[in-house]
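Q: Could you walk me through this structure? I have not looked at it before.

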Amino acid sequence: MKITIEGASEEFAREVLTLAAQQGANLTLNTVKTGWTVERAERYLRSLPTGARTFAQLVINGDGRADAKTLRTALGKLNGPTVALSRAVPRGVKAGWWPEGTPAPIEKVDDPDHPSWQKAEAYVMSRDLVPVFRTALAQLAMAKGLAQSMGISPGGFGKTSTTGRIVYPEGVTPVDLDGGSPPADDDHTPRS
C-alpha cells in the first residue's frame, strides 16, 4: 500500500502511521514542509524579473503590505509583475525548488467598494514571512555586492565583461543579478 500525503503536519503523520499499524498495514509516510525558508525565498526572488522583484521588495519593505496605488506609482501597470508573481510558484514546483502545495507568498487584497471590478486595493504577505524574505533580500544584496566587488557587472553569467574562471568564497552561491539562475554546469565560468 502506498499513500502520499503532502503538506501534512508531523502530528497528523504520526496519527496516520498509528492507525495504519493498528490495521496491520506496513506504511511509510514522508512529509515535506511546504512553507517558505530563506533558501526558497531567495530562489523565488532570484527567479523573478526585475519589475516583479521590485514589486515583492516593496511589499516586504512595507512590513508585508503595499497599497496598489503605491505599487502603480513605482512600477506603472501591475499586470506584468503580478503575472510573473503568479507564475513563479508553479514554475518553482516544476523545477523542484519547493514542494507542491507551497503557498504564494504575496496575495492580492481586492477593493471592497468595487467587488465586481476585482481591482486590487493592496498586496500582502503574511507577517511571519516578512523576516524570511527580508533575510533573502539581504543575501541577494550581499551576493550582488560581492559580484560587483569582483568586477562583475550586473547581468549575470554570459553578460559580463569579465573573462576567466571566477572562484567564489566557500558558502557563496553565484547569483544571476538580473533574476535568473546560475548555469547548470558547476564550472561557473562566464561565457563570452
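This is a predicted model: local features need pLDDT of at least 70, side-chain atom pairs count only at pLDDT 80 or more; totals for chains, interfaces and linings use all residues.

Q: Good to know. How many helices and strands does the chain have?
A: The chain contains six helices and three strands. Along the sequence they follow the pattern α-α-α-β-α-α-β-β-α.

Q: And how much of the chain is buried?
A: Of its 192 residues, 34% count as buried. As for contacts with a separation of 6 or more, 59% are accounted for by residues 24 or more positions apart.

Q: Let's look at the strands. In what order do they sit in the sheet?
A: The three strands form an open sheet in the order β1-β3-β2, with antiparallel pairing. From one strand to the next, the twist averages 25°.

Q: Which strands are at the edges?
A: Those are β1 and β2, the latter covering 107-110. Each has a single partner strand, so one side of each is left without a neighbour in the sheet.

Q: How many bridges join each pair?
A: Three bridges join β1 to β3, and four join β2 to β3.

Q: What holds strands together in general?
A: Strands of a sheet pair through backbone hydrogen bonds, either parallel or antiparallel.

Q: Which helix packs on the sheet?
A: Helix α4, residues 68-75, packs on the sheet and touches β1 and β3. The direction of α4 makes about 75° with that of β1.

Q: Is Ala120 buried or exposed?
A: Ala120 counts as buried, because its relative accessibility is 9% and the cut-off for buried is under 20%.

Q: What does Ala120 touch?
A: Leaving aside residues up to four places away in sequence, Ala120 touches Ala68, Arg72, Lys108, Val109, Asp110 and Asp111. The C-alpha atoms of Ala120 and Lys108 are separated by 6.2 Å, and the two residues are twelve apart along the chain.

Q: Switching to helices: at what angle do α3 and α5 cross?
A: The axes of α3 and helix α5, residues 79-95, cross at roughly 85° and come within 8 Å. That makes α3 roughly perpendicular to α5.

Q: Which residues make that contact?
A: On the α3 side they are Gly51, Ala52 and Phe55, and on the α5 side Pro81, Thr82, Ala84 and Leu85. By class, the contact has five nonpolar, two polar and no charged residues.

Q: Now the charged side chains. How many salt bridges are there?
A: The count comes to four salt bridges. In general, side chains of opposite charge can pair when their charged atoms come close.

Q: What does Arg134 pair with?
A: Arg134 forms a salt bridge with Asp63, at 2.5 Å from N to O. Arg134 lies in helix α6 (residues 130-149) and Asp63 in the loop between α3 (50-61) and β1 (65-67), so the pair ties together parts that are 71 residues apart in sequence.

Q: How accessible are those two?
A: Both are partly exposed: Arg134 has a relative accessible area of 36%, and Asp63 has 38%.

Q: Which residue meets Arg65 in a salt bridge at 3.6 Å?
A: The side chain of Glu121 meets that of Arg65, with the 3.6 Å given from N to O. Because Arg65 lies in strand β1 and Glu121 in strand β3 (residues 120-124), the pair ties together parts that are 56 residues apart in sequence. Arg65 is partly exposed at 37% relative accessible area, as is Glu121 at 32%.

Q: Which residues form a network of salt bridges?
A: Arg65, Asp67 and Glu121 are linked in such a network.

Q: And what is the salt-bridge partner of Lys108?
A: Lys108 forms a salt bridge with Asp110, and their closest N and O atoms are 3.2 Å apart. Lys108 is partly exposed, with a relative accessible area of 40%, and Asp110 also counts as partly exposed at 30%. Both residues are among those that Ala120 touches.

Definitions and conventions. Residues are numbered from 1 along each chain as its sequence is written. Side-chain values use heavy atoms; hydrogens and water are left out. Helices (H or I, at least four residues) and strands (E, at least two) are DSSP runs, numbered from the N terminus. Buried means under 20% relative accessible area, exposed over 50%, partly exposed in between (1.4 Å probe, protein chains only). Axes are lines fitted to C-alpha atoms, for helices over the stretch in contact, and angles run from 0 to 180 degrees between N-to-C directions. Angles under 35 degrees count as roughly parallel, over 145 as roughly antiparallel, 65 to 115 as roughly perpendicular and the rest as oblique. Contact means heavy atoms within 4.5 Å. Ala, Val, Leu, Ile, Met, Phe, Trp, Tyr, Cys and Pro count as nonpolar, Asp, Glu, Lys and Arg as charged, and the others, Gly among them, as polar. Two strands pair if DSSP finds at least two bridges between them.
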